[in-house]
Amino acid sequence: SALAAMAHAPVDEVVAGLQTEIHGESDGWALLLLPLPTVSRVLQALMGAAADNRDLTAVECSAIQEVGNIAVSSFLSELGERLGRRLLPSAPAMQLDSAARLAQGVLASARSLASEAVVVQALVEDRERQLQGRLFIVSKVAAWQPARRVASGERGDFA
């Protein structure tokens, strides 16, 4: 997958990585990677001050985490709806690091899921405002088999 290839690439530029644990009817991880120019543009839009070439304040980190939470939650909500599964994200943890090291961290965490996992990649972009990011979802293979809804009157919500 692109995530595995990224994990084995030479150390590259620093990005904001938002890592989210997935719970509910499937366990897994989500990783949203935002290039620093995107982070700066988002902070400019949200707070009126770009973060070019300086460390982020605690409030700015919190704002970026909330943007990540909204993006990952929206994606998982739609995905869960299509699969008939409830996918619940934790609050994201943010790190500024190379994309390679962030990918290695998610893959190491995902190894505890199962011997096989599915990796879904999505590109997040708004070309007009020059915003971009990459979203990776890693979960057990079984999570991608749509759940069968049980007939009314039977026990449980899903079979």
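## A loop residue, the cores and the spaces

Q: Is Ser26 buried or exposed?
A: The model is predicted, and the class is read from computed accessibility. The relative accessible area of Ser26 is 7%. The cut-off for the buried class is under 20%, so Ser26 counts as buried.

Q: Where is Ser26 found, and which residues does Ser26 touch, not counting residues up to four places away in sequence?
A: Ser26 sits in the loop between β1 and β2. With residues up to four places away in sequence not counted, Ser26 touches Arg86, Leu87, Ser139 and Ala143.

Q: How many cavities of 30 Å³ or more does the structure hold, and what volume has the largest cavity?
A: The structure holds 1 cavity of 30 Å³ or more. Ser26 is in the lining, including with it Leu87, Ser139, Ala143 and Trp144. The volume of the largest cavity is about 70 Å³.

Q: Which element gives the most to the lining of the largest cavity?
A: Among the lining residues of the largest cavity are Leu76, Leu79, Leu83 and Ile137. With 3 residues, the element that gives the most is α3.

Q: How do the residues of the lining of the largest cavity divide by class?
A: The lining includes Ile22, Arg85 and Trp144. By class, the residues divide into 8 nonpolar, 2 polar and 1 charged.

Q: How many helices and strands has the chain, and what pattern does the chain follow?
A: The chain has 4 helices and 6 strands. Read along the sequence, their pattern is α-β-β-α-α-β-β-α-β-β.

Q: What percentage of contacts between residues at least 6 apart in sequence join residues at least 24 apart?
A: The chain has 159 residues, of which 38% count as buried. Among its contacts between residues at least 6 apart in sequence, the share that joins residues at least 24 apart is 65%.

Q: Which residues have the most contacts inside the largest nonpolar core?
A: In soluble globular proteins, nonpolar side chains tend to be buried together. The largest nonpolar core here has 21 residues. Those with the most contacts inside this core are Leu34, Val39, Ile64 and Leu135.

Q: Which element gives the largest share of this core?
A: The elements that give two or more residues to the core are β1 (14-24), β2 (28-35), α2 (36-47), α3 (58-83) and β6 (131-140). The largest share is 6 residues, and the element that gives this share is α3.

Q: Which residues is Ile64 in contact with, leaving aside its neighbours within four places in sequence?
A: Ile64 is one of the residues with the most contacts inside the largest nonpolar core. Leaving aside neighbours within four places in sequence, the contacts of Ile64 are Leu18, Leu34, Val39, Val42, Leu43 and Met94.

Q: Which element gives the largest share of the lining of the largest pocket?
A: About 270 Å³ of space lies in the largest pocket. Its lining has 15 residues, and Thr38, Val42, Val67, Val124 and Leu131 lie nearest the centre. β2, α2, α3, β5 (117-126) and β6 each give two or more residues to the lining. The largest share, 5 residues, comes from α2.

Q: How many nonpolar, polar and charged residues has the lining of the largest pocket?
A: Val42 and Val67 are among the residues nearest the centre of the largest pocket. By class, the lining has 9 nonpolar, 2 polar and 4 charged residues.

Q: Which residue forms a salt bridge with Glu78?
A: Side chains of opposite charge can pair when their charged atoms come close. For Glu78, the closest N and O atoms of the pair are 2.8 Å apart. Both partners lie in helix α3, 4 residues apart, about one turn of the helix. The partner of Glu78 is Arg82.

Q: Is Asp97 buried or exposed?
A: Asp97 meets Arg101 in a salt bridge of 2.7 Å, N to O. Arg101 has 42% relative accessibility and counts as partly exposed. Because its relative accessible area is 16%, Asp97 is buried.

Q: How far apart are the closest N and O atoms of Arg127 and Glu125?
A: Arg127, at 67% relative accessibility, counts as exposed. Glu125, at 39%, counts as partly exposed. In their salt bridge, the closest N and O atoms lie apart by 3.2 Å.

Technical notes
Residues numbered from 1 in each chain as written. Predicted model: local features only at pLDDT ≥ 70, side-chain atom pairs only at ≥ 80, totals over all residues. Heavy atoms only, no water. Core = buried A, V, L, I, M, F, W, Y, C linked by side-chain atoms within 4.5 Å. Buried < 20%, exposed > 50% of the residue type's maximum accessible area, 1.4 Å probe, protein only. Contact = heavy atoms within 4.5 Å. 1 Å grid on protein atoms, 1.4 Å probe; cavity = no way out; pocket = protein on both sides within 12 Å on 5 of 7 lines; lining within 4 Å. Points joined across faces, edges and corners; volume = space filled by probe spheres on them. Nonpolar A, V, L, I, M, F, W, Y, C, P; charged D, E, K, R; others polar. Salt bridge = Lys/Arg side-chain N within 4 Å of Asp/Glu carboxyl O.
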